[in-house]
Amino acid sequence: MDKIADLVTGEAVLQWLIIFLLIAYFVYKEYPDFKKRMTGSTKKEMEEASREKGVEERLAKVEARIADIEGKLRKDYQSLEELLRAEQEDKRILQASLEEREITMRALLAIIDGLHEIGANGPTTAAHEELTTYLSKQAHKAN
């Protein structure tokens, strides 16, 4: 112990004591600010990361909704195309039917005219008058 006491002087102990007090002062006064600055920037970084994550999640949800809407639109376009094709087919069938009806009507008129010429009277004359009246009205409607 004497050897240690000879090596350690009062001046060295005083210097170490001052260093210890300075460290204690730093810890007491400056460490809270230092800690605040360190954790504050970390908090900011965490908040930014959290905000970015929230934005990315919302963006992913919006993209998913857009994809759903695009799928529905695609289905609607397909349905519309099918309806248009069906409408064109119906128009074609209707046109063919109208031509067929016109031919049938002319044939019926010819038959009634033929019967009327060979002397069939009564219902044949009445049918002939009704048919010519109807055709005359239809001709005027079309124009």
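These questions and answers look at charges and surface patches in a predicted model.

The model is predicted: local features need pLDDT of at least 70, side-chain atom pairs count only at pLDDT 80 or more, and totals for chains, interfaces and linings use all residues. Residues are numbered from 1 along each chain as its sequence is written, and side-chain values use heavy atoms, with hydrogens and water left out.

Me: What makes the contact of Glu87 and Lys91 a salt bridge?
Reply: The definition asks for a side-chain nitrogen of Lys or Arg within 4 Å of a carboxyl oxygen of Asp or Glu. For Glu87 and Lys91 the N to O distance is 3.9 Å. That is within the limit, so the pair counts. The structure holds four salt bridges.

Me: How do you know that Glu87 and Lys91 are separated by about one helical turn?
Reply: Because they are four residues apart in helix 2. A helix here is a DSSP run (H or I, at least four residues), numbered from the N terminus. Helix 2 covers residues 10–117.

Me: Why is Lys91 called exposed, and Glu87 partly exposed?
Reply: Buried means under 20% relative accessible area, exposed over 50%, and partly exposed in between (1.4 Å probe, protein chains only). Lys91 has 54%, so it is exposed. Glu87 has 38%, so it is partly exposed.

Me: What makes Arg92 and Glu89 a salt bridge?
Reply: Their side chains meet at 2.4 Å, N to O. They are three residues apart in helix 2, about one helical turn. Arg92 is partly exposed at 49% relative accessibility. Glu89, at 34%, is partly exposed too.

Me: Where do Arg106 and Glu102 stand, exposed or partly exposed?
Reply: Arg106 has a relative accessible area of 57%, so it is exposed. Glu102 has 41%, so it is partly exposed. Their side chains meet in a salt bridge of 2.7 Å, N to O.

Me: Which residues form the nonpolar patch on the surface, and what makes a patch?
Reply: Trp16, Ile19, Ile23, Phe26, Val27, Tyr31 and Phe34 form it. Patches take residues with over 30% relative accessible area and no salt bridge; nonpolar side chains (Val, Leu, Ile, Met, Phe, Trp, Tyr) are joined within 5 Å, like charges within 9 Å. Tyr31 has 41%, so it passes the area limit. Together the residues have about 740 Å² of accessible area (Shrake-Rupley method, 1.4 Å probe; for residues, only the protein chains shown count as cover).

Note on methods. Helices (H or I, at least four residues) and strands (E, at least two) are DSSP runs, numbered from the N terminus.
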